[in-house]
Amino acid sequence: MAKASPKKTAFKKNAAKLARTTGLAVVFAGVAAGCSTTPPVRNMPAANDDNYHANVAMPLAKPPVEKIIDTTEIPYDQQLFFYNAPTTPPADEAALLAKMSPNQRTEFYMQKFCFRQGATPEQAAAQKEVYDALQALAKLPATGKPLIDLAAQEGLQFCSLGHLPNGIAAQYLPSSTTVVAGPLGKPEGRVLTIAHEIMHAAQDRNKLLNYETNWDIQSRVQRNLSIEAAALTMEFLVAYDAKVSGDPAYWNHMQNYLGGTTYNDDRIYKLVEDTYKASKDGGATHDEALRKVGAAVWTHVFESDDWRNFYLNHELTIYLRDISENKFVDTKTVTHAQFADKTKNAGKVGTLPSFTEGVTFPSLDSMLAKREKMKWAYEAAEIARMKQIEGQDGKTVAALTAAAKLGNNPYLGLDIADIYKKTNDESWTKGRTFRYLYHVMDEAIKAPEPSPTPEPPAPEKPAPAVVPPTIVARRGGGFNFA
């Protein structure tokens with residue numbers, strides 16, 4: 001029997017993974033393992049402005065075209081590629097596509113929009129910006145090269161897309177071991193964003209992207225924010241590694257991001273410099289000093305209001321999705337501290353020691369205390385989840401509801417499934433912008449505008465008398481009805 005071609009083998013691998021991915025429709029995370037994301041740093045929501053809406057990161061290159069896609073029936077990976085497919089493909093392509101299954105169409109578009117690590121410049125010509133970013137990373141032995149090696153080992157593919165859901169600049173898709181990126185601006189920013197997403201692939205390899213529905217919410221949040229903090233930390237490590245190696249371009253670029261309380265935090269740059277110097281003065285090697293820097297940055301990231309709120313919202317969206325799909329109905333017990341001993345591997349790439357070894361994750365309560373509306377949204381979601389587990393009259397439901405009422409939570413009684421649906425619909429809407437879930441909840445609890453008081457009907461008047469037509473004599477005989 002003839003041996004399958006590499007292309008066919010790759011197709012079977014991706015198709016099998018896509019087939020295992022359940023049909024989910026989510027704002028930030030489309031599969032059970034969770035799509036790890038990079039928000040558009042230049043458009044992060046202002047730290048304390050509840051009315052601020054971040055701009056859509058990746059506007060379409062062409063005028064918006066309405067596409068009807070049943071997002072409840074197809075996997076998220078397919079949604080991404082179908083939304084980026086040409087609205088009117090060439091006739092020969094259209095004929096081929098008409099005969100393909102959804103998985104085959106996804107693979108078809110992947111071959112158009114993507115390449116794998118190790119491709120030649122000619123093979124990646126359509127994705128040159130991402131290809132160049134990978135080449136730049138490979139020149140950094142301490143940070144970039146291990147990421148590139150891992151990408152090759154995992155068969156990672158990289159895709160340039162014109163449109164991603166609102167509020168997302170790039171994503172790692174574990175269901176197809178794929179990094180998708182929208183237009184990423186300056187070359188330095190592209191390199192850092194790609195490093196961020198390959199870090200998620202490393203976490204996938206370390207089995208950190210999965211969760212179970214019986215996990216308590218603290219465990220879910222710890223999984224999500226631990227891995228995202230590590231991916232962001234990798235950006236700082238790459239930039240500083242390059243600076244120490246004689247190329248300050250990435251380091252300078254980061255400090256000019258319009259990135260709110262993360263990239264514009266002068267303390268974080270001083271922390272990097274001071275930690276590295278102290279480690280080197282103590283006899284550490286360059287690699288060891290960078291790992292110390294990584295632990296310090298990872299810990300500091302949680303002080304960033306916009307970063308923390310973005311990813312708290314990210315996890316809350318996944319939580320609402322699971323609630324809306326009744327995933328907790330058969331849950332018998334809630335398990336705690338399910339990610340506590342895994343956080344140490346969030347900063348591990350390949351065989352290198354992890355920079356998150358020994359770090360401490362903050363409690364969910366302490367993070368939610370910094371944004372009351374986020375706290376209320378989490379409370380409403382937790383009550384909805386416990387209703388599925390215990391029933392409407394469960395003891396935990398009663399206790400959580402009483403506590404939420406004492407805190408004047410205005411979101412109690414909202415239909416969580418409806419809130420999720422509205423949020424998900426917005427994620428692909430071309431004309432809308434990224435909003436926090438509590439913005440949607442605020443909108444849902446607004447009292448409807450009072451209808452204007454109708455004017456009383458005018459008194460009846462007698463019907464007008466019938467007026468016969470006027471007969472006008474015409475010169476020359478005959479009649480004209482005016």
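Mentor: Let's start with a term we will need: a contact means heavy atoms within 4.5 Å. Keep in mind that this is a predicted model. With that, the buried residues of α6 pack against α5 (128-137), β3 (157-160), α7 (187-205) and α8.

Trainee: Which residues of helix α6 are the buried ones?

Mentor: In α6, residues 144-153, they are G144, P146, L147, I148, L150 and A151. After α6 comes G155, with a positive phi near 65°.

Trainee: What does the protein chain look like overall, in helices and strands?

Mentor: The protein chain has 18 helices and 7 strands. Of its 482 residues, 51% are buried. Among contacts with a separation of 6 or more, 73% join residues 24 or more positions apart.

Trainee: Why is T233 called buried?

Mentor: The cut-off for buried is under 20% relative accessible area. T233 has 0% relative accessibility, so T233 counts as buried. This residue lies in helix α8, residues 217-244.

Trainee: What does T233 touch, leaving out residues up to four places away in sequence?

Mentor: Its partners are G294, V297, W298, V301 and F355. The C-alpha atoms of T233 and A296 are 9.2 Å apart, although 63 residues separate the two along the chain.

Trainee: Why are α13 and α15 called roughly parallel?

Mentor: Two packed helices are described by the angle and the distance between their axes. The axes of α13 (residues 305-324) and α15 (residues 372-390) cross at roughly 20° and come within 10 Å. Angles under 35 degrees count as roughly parallel, and α13 and α15 are therefore described that way. Their crossing is left-handed.

Trainee: Which residues meet where α13 and α15 are in contact?

Mentor: From α13 come N309, L312, N313, E315, L316, Y319, L320 and I323, and from α15 come M374, A377, Y378, A381, E382, A384, R385 and Q388. The residues of this contact divide into 10 nonpolar, 3 polar and 3 charged.

Trainee: What makes the phi of T177 worth a remark?

Mentor: Most residues other than glycine have a negative phi. T177 is not a glycine, yet its phi is positive, near 40°. T177 sits in the loop between β4 (170-173) and β5 (178-181).

Trainee: And A337, what is its phi?

Mentor: A337 has a positive phi of about 50°, and it is not a glycine. A337 is in the loop between α13 and α14 (364-368).

Trainee: Are T177 and A337 buried or exposed?

Mentor: T177 has 6% relative accessibility, so T177 counts as buried. For exposed, the cut-off is over 50%. A337 has a relative accessible area of 57%, so A337 is exposed.

Key:
Residues numbered from 1 in each chain as written. Predicted model: local features only at pLDDT ≥ 70, side-chain atom pairs only at ≥ 80, totals over all residues. Heavy atoms only, no water. Helix = DSSP H or I, 4+ residues; strand = E, 2+ residues; numbered from the N terminus. Buried < 20%, exposed > 50% of the residue type's maximum accessible area, 1.4 Å probe, protein only. Axes fitted to C-alpha atoms, helices over the stretch in contact; angles between N-to-C directions. Parallel < 35°, antiparallel > 145°, perpendicular 65-115°, else oblique. Left-handed = near helix turned anticlockwise from the far one by under 90°. Nonpolar A, V, L, I, M, F, W, Y, C, P; charged D, E, K, R; others polar.
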